[in-house]
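Work through the exercises below with the model open beside you. Try each task before reading its solution.

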Amino acid sequence: MARTHPSWLGGEDQVHLHLLGRARDFIDSVVNSSPARVALLIFALVVLIFTGLLSLPFASSSGEVTPLHDAMFTAVSAVCVVGLTVVSTAAHWSFFGQLIILIGIFVGGLGTLTLASLLALVVSKRLGVRGKLLAQSALNNASRLGEVGTLLRIVITTSVMVELVLALALIPRFMILGEPFWLAVWHGFFYSISAFNNAGFTPHSDGLVPYETDLWILTPIMVGVFVGSLGFPAILILVQYRHHVNKWSLHTKLTINVSLILLFAGMVLWGLMEWSNSRTIGGLSGSDKVIHALFASVNTRSGGFNLVDQGQMEPTTMLLTDALMFAGGGSASTAGGIKVTTIAVMFLAILAEARGDSDVSVYGRKIPQGAMRVAISVIFMGATMVLIGTGLILWISGVELNRVLFEVISAFATCGLSTNLSAELPPEGKYVLSALMFAGRLGTITLASALALRQRSTLYHYPEERPIIG
């Protein structure tokens, strides 16, 4: 239907309204056809805005303009909640710069689509179909369209409440350790937001190393990282049904169980591999070694905080860390990687094939074929990105493979653990890692959907024939 404008408007005003209406129609059509493409555009725009802010002279402690490749790398790392750095967060950036980084973490952790939808809700008091599609895309289609508005409010409230509780747990400890009140408040909120959003940024020049045996600081950070890695769909189910496991959704059961398996398996293996390594935890007491192993296992899958020099770990530990980073955390969370539900679905498919079962099922539910195709796509695309990124960084830097692979997986999986290779790379290497962080945060399936020109619907099927596999 053609838009009509009041007759009392002048010709120029009518032209402006007409152009505005055409622009609104265009945005509606893009969002309705591909919310994923909107996610790609909004994330890119947000990254450019934060890059510009970090490039300002007063964003650095020296008052000089930060080089574009360093400002962009930091902006991407913050908005994509990664934690990789090429300059010291504490030494290079002024308070304004650190505040911009923290805001970037908060925005990136919630998701730009979530914030855009919330803004529309606040301004117009309701969400239209466009806003609901955006929000549903931001939550990985975890809710029905009619429930999106309520779910958005719960997501924002839950995030803020968890971060506030973590900050209140940390602030007294920083004050006891001798920090002034306002500095303790700043560090408490910085670590709480960074932990819950699995970002791994630290406002201290030595990171968490000075607190490597301080459970008052390490415990809230580990809790924040683990809870944040579960994802909002799982967190909301846990808040609603608590210990009534029979009421949990299949997604929540898989996320919790696989996360706990990876947590304890990672802790045991990491501890055993590093137990006698004098360069990391070899000289510590038994209890402190266990604390280090638990902290490493929690943060390896996406948190990005570390208590030991990652470059001094045993080669086998670095390989274990590569695997855990690639696995990542829960879907629709701030964690990266291929996600624990992807691993669960593929393991169950392999188990069903080994048993000769025609269906892949768990907890009394059958997993559809479409979910398995998506899981295969995620794993293949993730591995392909890591392979291409590793090849490019090897070609650019000439550094040994284990360091390059570690840094590339950390970037793609938005983990943030580093052997300090990021800071040593030339600008072109930093741009490659920035692209990997961006793709990893957006998600391989979202990225593929955003770049797809059209969706095909097949109106016919060819005769079936099974090739020889294996």
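**Exercise 1. The overall picture**

Find how many helices and strands the protein has, and what share of its residues is buried.

Solution. 
- Start with the source: this is a predicted model.
- Count the secondary structure: there are 20 helices and two strands.
- Turn to burial: of the 470 residues, 51% are buried.
- Then check the contacts between residues at least 6 apart in sequence: 68% of these join residues at least 24 apart.

**Exercise 2. Cysteines**

State how many disulfides the structure holds, and decide whether cysteine 80 and cysteine 415 are buried or exposed.

Solution. 
- The number of disulfides is zero.
- Buried means under 20% relative accessible area.
- Cysteine 80 has 0% relative accessibility, so cysteine 80 is buried.
- Cysteine 415 also has 0%, so cysteine 415 is buried.

**Exercise 3. An aromatic pair**

Classify the pair formed by tyrosine 191 and phenylalanine 305, and work out which parts of the chain the pair ties together.

Solution. 
- The whole structure has nine aromatic pairs.
- In the pair of tyrosine 191 and phenylalanine 305, the ring centres are 6.3 Å apart and the planes make an angle of 40°.
- Planes under 30 degrees apart would be stacked, and over 60 edge-to-face. The pair is therefore tilted.
- Now place the partners. Tyrosine 191 belongs to helix α9 (residues 181-196), while phenylalanine 305 sits in the loop between α13 (286-303) and α14 (315-327).
- The pair therefore links parts that are 114 residues apart in sequence.
- Check burial. Tyrosine 191 has a relative accessible area of 0% and is buried. Phenylalanine 305 is buried too, at 2%.
- Finally, widen the view: Phe174, Tyr191, Tyr211 and Phe305 make up one aromatic cluster.

**Exercise 4. A lysine in a helix**

Locate lysine 430, decide whether lysine 430 is buried or exposed, and list what lysine 430 touches.

Solution. 
- Lysine 430 is part of helix α19 (residues 427-442).
- The relative accessible area of lysine 430 is 6%, so this residue is buried.
- Leave out residues up to four places away in sequence. Lysine 430 then touches His69, Asp70, Phe73, Val86, Ser422, Ala423 and Leu425.

**Exercise 5. An open space**

State the volume of the second largest pocket, and name the residues nearest its centre.

Solution. 
- The volume of the second largest pocket is about 610 Å³.
- The lining of this pocket has 29 residues; Thr85, Thr202, Ser205, Asn306 and Ser418 lie nearest its centre.
- By class, the lining of this pocket has eleven nonpolar, 16 polar and two charged residues.

Definitions and conventions:
Residues are numbered from 1 along each chain as its sequence is written. This is a predicted model: local features need pLDDT of at least 70, side-chain atom pairs count only at pLDDT 80 or more; totals for chains, interfaces and linings use all residues. Side-chain values use heavy atoms; hydrogens and water are left out. On a 1 Å grid over the protein atoms alone, a cavity is a set of points where a 1.4 Å probe fits but cannot get out, and a pocket is an open set with protein on both sides within 12 Å along at least five of seven lines; lining residues have an atom within 4 Å of a point. Grid points are joined across faces, edges and corners, and a volume is the space filled by probe spheres set on the points. Ala, Val, Leu, Ile, Met, Phe, Trp, Tyr, Cys and Pro count as nonpolar, Asp, Glu, Lys and Arg as charged, and the others, Gly among them, as polar. A disulfide is a pair of cysteine sulfur atoms within 2.5 Å. Buried means under 20% relative accessible area, exposed over 50%, partly exposed in between (1.4 Å probe, protein chains only). Rings of Phe, Tyr and Trp (its six-membered ring) pair if their centres lie within 6.5 Å; planes under 30 degrees apart count as stacked, over 60 as edge-to-face and the rest as tilted. Helices (H or I, at least four residues) and strands (E, at least two) are DSSP runs, numbered from the N terminus. Contact means heavy atoms within 4.5 Å.
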